Amino acid sequence: MRLTRHLLAGAALAFAAPATAAPLLASVFTDHAVLQRDQPIRIWGVAAPNAVVALDLSGEQGLATADAKGRWVALLNARPASGEPLTLTVKAGAETQTVSDLLMGDVWLCSGQSNMEYPLRRALNGEAEAAAATDPHVRLLQTGRTSLPNPTDTLPAQAAWKVSAYESANNFSAACYFMGRDIRNSTHAPIGLIDATWGGSIIQDWISGQGLKALGGYDEGLSVLADYANDPAKGMARWGAMLDRWAARVEPHAANWAKPDFDDRAWATMPAEQFWETNPGLETFDGTIWLRAEITLTKAQAALAATLVLGPVDDIDTSFVNGRQVGSQEGWDFKRAYAVPAGTLKAGRNVIAVRAIDVGGGGGAWGPAKDKGLKLADGSFVPLGGSWRYKVSTKLSDTGLPPHAPWLGTSGLSTLHNGMIAPLAPYGVKGFAWYQGEANVTEAKEYARLMPALIADWRRAFAAPDAPFLMVQLAAFGPQVDKPGVSRWAELRDVQRRTVAADPYTGLASAVDLGSPYDIHPADKLQVGLRLGGLARKLAYGEGLNASGPAPISAVREGGDVVVTLDQPAFVYGSARPAGFELCDAAESCRFVDATVYGDKVRLAVPAGYAAVKVRFAWADSPVLNLYGQNRLPATPFELPLQAPSR
């Protein structure tokens, strides 16, 4: 095939206007890159408007023409895998750019939050693994952390392809590296791995604005984001109004808690300089707590302009002075400083009130108490004092998530896609690996919409409609329980299972048995990588592997029992019977039941008189798992409705 101009319909290219003497090639093309084998090679960049662009890839030549904005894009002929270094030279007018030591192989994009970001050096035996990461045919690219309200086509200057070595591998995603190494050992082809990760990030921030708009339900947030991109003050005001509407709906009982005449003498107290999780009874609390304190001012002080400074608030605050709202912000480590409008302060008693919302871990106004108070225009400072009065308002498990500031990296809308995925697309890839969900465990129902949307969004962006998408099922984390109950983690794991069951080009690598009730970041990333690698070898390379643990097909009533059919024979380790099966009735009252495994069948004994309507397995934050496949991979947690027996 000759080199041609190619618009790559559906690939969602985003280009900026060219700067003086800017590189001709998009920033993802650097020395040591791996180009995707066995498919036309997409190359693009920016030149002078209407310029003729000449390309040479180690002897294969061609021409392309830039459009009126300087954008150009082309395809080169597909090539097989090769460890022979290639050189790409691009010329346009007097400008020339050359990148060298390119290999033909397979490129995998790894993304997600902290468990995918988790670096090789911190994994089990990590230092030794990093020291041994010296295969010159493995290449690594880390995008770095970039959050933007609008898409960019440019990676940070330090984001460049590197040959695998201790220096490049030790901070690279451990799960991604181990997956890539497993694929390399199996295929013997060069491997390019891209690490685009950010700890604590929600899935909504990794989907493009186009993708979220098509999904529906995010129009107002995207509109606020657009306003923020053009006028931050306007965007922040609109988000604050969204937050107030949410609060009015979920905590109408708190309508008067910011007012200065509200009597808070019955409220408990907490120190002003620590996370609220250090207080008895609040160790695991996520949700909304109101804080109140008083400051006494003289008449002269009250007449001055002032700024309310609170230090950081984990995660979201709306702050009031004498009942007047002075500001809202999101960010657990962002120091709050709000202008207090003239006429707000009074001689004598002044009430500071803060609606603080924690969406996971920590919580509240923290940082040194001496830094909290009113900074007056004459340079003086009136401290808040050493304690808050506080009142628990609502639990996050009851209210759901508040509207996040849509421009905020990790909890915004599309900003990580804009800064970390858009600059990569439509680079040729073999597939994707995804480890995320901890930040969305309170909204499993919405995740069931978002996860397929992200998969479709990325396949569209990279012009790879059938590219394998590999997903890690969340590891165990949180309390172990001795009776059935609600588990947000189990709900999200089941969403992951159902998403994969509905798409033949996806795979689920369970990490449930690799987790710890006490550590959200399990260190055994080697097993995660090997499980991802096995899925890749099956889905992307056609190896005849059984790369997943047992998963349910059906649950059917048979006489006085329930029979669960699995997609493969299962085995019980450490006991005669599998743990973790339960039946639930229509009132959502569930109970553990005895189970027996026969090949791919699990027979559950139904208690006499119990009207079960569904079956659950491993339905807990940190379940006990002893049911595995012959491949030593754990059975997936699940929930299934019971079917009537066929006639």
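**Entry 1: Glu588**

I started at Glu588, which lies in the loop between strand E29 (581-585) and strand E30 (590-592). The model is predicted: local features need pLDDT of at least 70, side-chain atom pairs count only at pLDDT 80 or more, and totals for chains, interfaces and linings use all residues. Residues are numbered from 1 along each chain as its sequence is written, and side-chain values use heavy atoms, with hydrogens and water left out. Helices (H or I, at least four residues) and strands (E, at least two) are DSSP runs, numbered from the N terminus.

I looked up the backbone of Glu588 and found a positive phi of about 65°, although the residue is not a glycine. Most residues other than glycine have a negative phi, and most peptide bonds are trans. I then checked the cover: Glu588 is partly exposed, at 47% relative accessibility. Buried means under 20% relative accessible area, exposed over 50%, and partly exposed in between (1.4 Å probe, protein chains only).

**Entry 2: Ser414**

I found another positive phi at Ser414, near 70° in a residue other than glycine. Ser414 sits in the loop between helix H9 (396-399) and H10. Its relative accessible area is 2%, so I noted Ser414 as buried.

**Entry 3: cis peptide bonds**

I looked at omega next. Ala425 and Pro426 are joined by a cis peptide bond, with omega about 5°. Pro426 is placed in the loop between helix H10 (415-421) and strand E23 (431-435). The bond from Asp314 to Asp315 is also cis, with omega near 5°. I placed Asp315 in the loop between strand E14 (306-314) and strand E15 (316-321).

**Entry 4: the chain as a whole**

I counted 13 helices and 35 strands in the chain. The radius of gyration is 28 Å, close to the 26 Å that the globule rule gives for 647 residues, so the chain is as compact as a globular protein of that length. The radius is taken over C-alpha atoms, and the rule is 2.2 Å times the number of residues to the power 0.38. Along its principal axes the C-alpha trace spans about 80 × 80 × 45 Å. Of the 647 residues, 55% are buried.

I also looked at contacts (heavy atoms within 4.5 Å). Among those between residues at least 6 apart in sequence, 75% join residues at least 24 apart.

**Entry 5: nonpolar cores**

How many residues make up the largest nonpolar core, and which of them touch the most other members? I found 112 residues, with Trp72, Trp434 and Phe462 touching the most other members. Helix H11 (residues 444-461) gives the most to this core, namely nine residues. Another core of 31 residues lies apart from it, with Leu291, Ala293, Val340 and Leu345 among its members. A nonpolar core here is a set of buried Ala, Val, Leu, Ile, Met, Phe, Trp, Tyr and Cys residues joined through side-chain atoms within 4.5 Å. In soluble globular proteins, nonpolar side chains tend to be buried together.

I placed Pro468 in the loop between H11 and strand E24 (469-473). Pro468 is buried, at 8% relative accessible area. Leaving aside neighbours within four places in sequence, its contacts include Trp108, Phe432 and Tyr505.

Pro637 is in the loop between strand E34 (627-629) and strand E35 (638-641). At 1% relative accessibility I counted Pro637 as buried. Its C-alpha and that of Gly580, 57 residues apart along the chain, are separated by 9.1 Å. Outside four places in sequence, Pro637 is in contact with residues including Gln473, Arg493 and Phe617.

Is Arg531 buried or exposed? I found 8% relative accessibility, so Arg531 is buried. Arg531 belongs to helix H13 (residues 525-539). Beyond neighbours within four places in sequence, Arg531 is in contact with Asp513, Leu514 and Arg632, among others.

Thr565 lies in strand E27 (residues 561-566) and is buried, at 13% relative accessible area. I found Pro552 6.0 Å away from Thr565, C-alpha to C-alpha, and 13 residues away in sequence. Not counting residues up to four places away in sequence, Thr565 touches Ala551, Pro552, Ile553, Ser554, Asp600 and Lys601.
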